[in-house]
Amino acid sequence: MPTHAQILPLVFDKVSYVAKGARLVDEFSVTLDPGTRTIILGPNGAGKSLVLRLSHGLLQPTSGAIRWEGPGGGNKASLHQAMVFQRPMTLRRSVGANLDYVLSLRKVPRELRRAKTAEALKRAGLFAMRSRPARVLSAGEQQKLALGRAWVMEPEVLFLDEPTASLDPAATREVENMINAIHQAGTKIIMTTHDLGQARRLADDIIFMHQGRLIERAGAEEFFEHPRTPHAEAFLNGELLP
Amino acid sequence: MSEIWSALGKAMVLIADFDPDLVEIIGLSLRVSLTAVLIAAVIGLPVGAAVALFRFPGRPVLVVLINALMGLPPVVVGLIVYLLLSRAGPFGVFNLLYSPTAMIIAQAILIGPIVAALTRQTVEDLWQEYGEQLTSFGVGPGRAVWTLLWDGRFSLLTGVLAGFGRASAEVGAVMIVGGNIDHLTRVMTTSIALETSKGNLEIALALGIILLIIALGINASAYAIRDVAYRTES
Amino acid sequence: MTLASLLRAGLAALLLTATFASPGGAQERSVRMLSTTSTENSGLLSYLLPIFESKTGIRVHVVAVGTGQALRGARNGDADVLMVHDKASELKLIADGHGIERREVMYNDFVIVGPRDDPAKIGGTNDAISALQMIKKSGAVFVSRGDDSGTHKAERRLWRAAGIEPEGRSDPWYREAGSGMGATLNIAAGMNAYTLTDRGTWLSFRNRRDLEILVEGDPPLFNQYGIMLVNPAKHPHVKAKEARALIDWITSPEGQRAIGKFTVEGRVLFIPNFRAKGGS
């Protein structure tokens, strides 16, 4: 088990994000606790990906504050996070070198890197392909590589932005299994999706967004069985939202 | 047409004879152009990457300068270097005019902008793809430049080869700053110009064919390296 | 030949590169001479200078350019010795203090070449001035160097003597190549045109096609070469000792004899004419 510095909980305090005059995230306040798989749901343009990027520090809020309130949540908090994107970015190197790269960034000694890389590749089911150029892998394999690469960093929090949006059902299932495995190893999952089935399969708790605002925050079962807002109900019924 | 065939024959004879003068000329051509390419790459790669990735004061000026320099005729570059290195010029004391070093300087100035411009393009494209993930990794600026240069190595190799092509093919600049001195600064292109002016069109063309063979050889080996590197990349 | 010899060539090239890169070769004594393309292209210098080099151990690095560029280089102090053929400019250089100890070394001659069928009918006139007048009258094409070189200046003097001042802009038959002698001959050969060339470049020129000599031997066509030292008082880095050795040897009885013995296709190209009192 990796030992974490405990950067969670993550607190959004009236966070807004404005680009080109448009208020894309609007007075967003939420607290994210360790342990669960949190899924951010909402229609296109709801601001889900922006919330992920704001959380991870890729974007800076226009107003409001984002704080890591755990004991380890100082300015080193970014070292305990990782992110996987919708379109996997793989370095133009071998599969193994992709993992070795991030380990060297974390200043892991060379001897240790070999072992950690091999172990992570086995977990991702990519060990046999370790010396193949990453760019020739299929989309599903590349996404698993991106997940394995995130995993090898042993993050306390893993952000995933629509990780299966461009994958076929079989690859989607494998990626979901890997996300669960990472979660079981002790990592907090914060993920966006617009796939309701996936949300039902993975979520412990749901953040439902619409037009940049937090509409509903609930446990997964409660959200899917008894949505409290008309927006959420409409969304779950597959209707167009006003 | 018959002249081209007999030039081809003459080229073969020149190669087969293993003429020491010719070997010396080829050696100097390679030494000058390869050194110039090396210098251009050492300067052009980081400059191109910096222009692609960072916003700094003077950047627009640098971009305009790089693009303008790319189109400069070699003769103009030769003239500028000549005026700088001439005894009457600012760097006259170093006594570099009419030396291989002067030719290297001229060619490096000629191809540095090409390497920088192609690097900028490659790195910008790559950053589109890598930017967010590298930021997520927590990669600093220096490491990011190095990562992008390394991952863009195959495209960059093409840029560097284009630079080598321009360097080894140009005659105007090396003629002016090298002086085409026999056994000192005579290279393939200035020999071709000299033989043409003597009306020895066949020998000139034969030298041209040899230059072509060298260029083919270098491009083929670069392609082979690239191919091997791609299949065994690590 | 084939692969093995190619490999050998490549290896030798690498070795040469290594030798070049290593210091030590720079120890040799050398002198740099700015000269005109006519002396280089005719082969005179590559015949003459090795004799001097083996006698003295001083290497001569020849930069062969147009007279205009050579004079400019001497003015900048970019060489130790200057050997050109444009007396007026040479004397101006001396008057300005950039050159000293000018000596007249040798002369060659210009010839008028043109197409074998000779539309202007100048063949056999042996009078350069009236030949030019006939070319103008016939409307046949004449290619000029147009590069401000010694040969170009000599050509302009001849036109002036013929009472004609042709200009590329207004006289379509008069084409200014703006190139060296060899390039100009290539153009004339390609266009079947007349041109003025020094005999040395002509004799060693290999792309004559239909061109042949039509007018020669007329005194206005004679072409005097002068050699001088770039003034070390103005340009302190000039290797005066080595340069003087070269000038002394070329004007010595031995050097002068060697010039007179140089032939191309059985013809003497340069007639030595140094006279000890002829310095200025």
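The buried residues of helix H5 in chain C pack against helix H4 (67-76), strand S3 (81-84), strand S4 (99-115), H7 and strand S9 (222-230) of chain C. This is a predicted model, in which local features need pLDDT of at least 70 and side-chain atom pairs count only at pLDDT 80 or more, while totals for chains, interfaces and linings use all residues. Residues are numbered from 1 along each chain as its sequence is written, chains are lettered from A and ligands numbered from 1 in the order in which they are written, and side-chain values use heavy atoms, with hydrogens and water left out.

Some terms before I go on. Helices (H or I, at least four residues) and strands (E, at least two) are DSSP runs, numbered from the N terminus. Buried means under 20% relative accessible area, exposed over 50%, and partly exposed in between, with a 1.4 Å probe and protein chains only. Contact means heavy atoms within 4.5 Å.

Back to H5 of chain C. Helix H5 covers residues 87-95, and its buried residues are C:Ser89, C:Glu90 and C:Leu93. Seen down the axis of H5(C), these fall within an arc of 105°, so they line one face of the helix; the arc is that of the directions from the helix axis to the C-beta atoms. As background, an α-helix has 3.6 residues a turn, so residues three or four places apart point the same way. On the other side of H5(C), C:Ala88 and C:Ala95 are exposed. Just after the helix, C:Gly97 has a positive phi of about 85°.

H7 was one of the packing partners of H5(C). Helix H7 spans residues 150-161 of chain C and holds C:His152. Is C:His152 buried or exposed? C:His152 is buried, at a relative accessible area of 9%. Beyond its neighbours within four places in sequence, C:His152 is in contact with C:Ser144, C:Arg145, C:Gly146, C:Asp147, C:Tyr174 and C:Glu176.

Now chain B. Chain B has 10 helices and zero strands. Of its 234 residues, 49% count as buried. The C-alpha atoms of chain B fill a box of roughly 65 × 50 × 30 Å along the principal axes. Residues 24 or more positions apart make up 72% of the contacts in chain B with a separation of 6 or more.

B:Gln107 lies in helix H5 of chain B, residues 100-137, and is buried, with a relative accessible area of 3%. Setting aside neighbours within four places in sequence, B:Gln107 is in contact with B:Val32, B:Ser33, B:Ala36, B:Ala167, B:Glu170 and B:Val174. B:Leu34 is 73 residues from B:Gln107 along the chain, and their C-alpha atoms are separated by 9.7 Å.

Chain A comes to eight helices and nine strands. The radius of gyration of chain A is 18 Å, close to the 18 Å that the globule rule gives for 242 residues, so chain A is as compact as a globular protein of that length. That radius is taken over C-alpha atoms, and the rule is 2.2 Å times the number of residues to the power 0.38. In chain A, 55% of the 242 residues count as buried.

Last, the assembly. Which chains have the most contacts between them? Of the two pairs of chains that touch, chains B and C have the most. Chain A and chain C do not touch, and their nearest C-alpha atoms are 33 Å apart.
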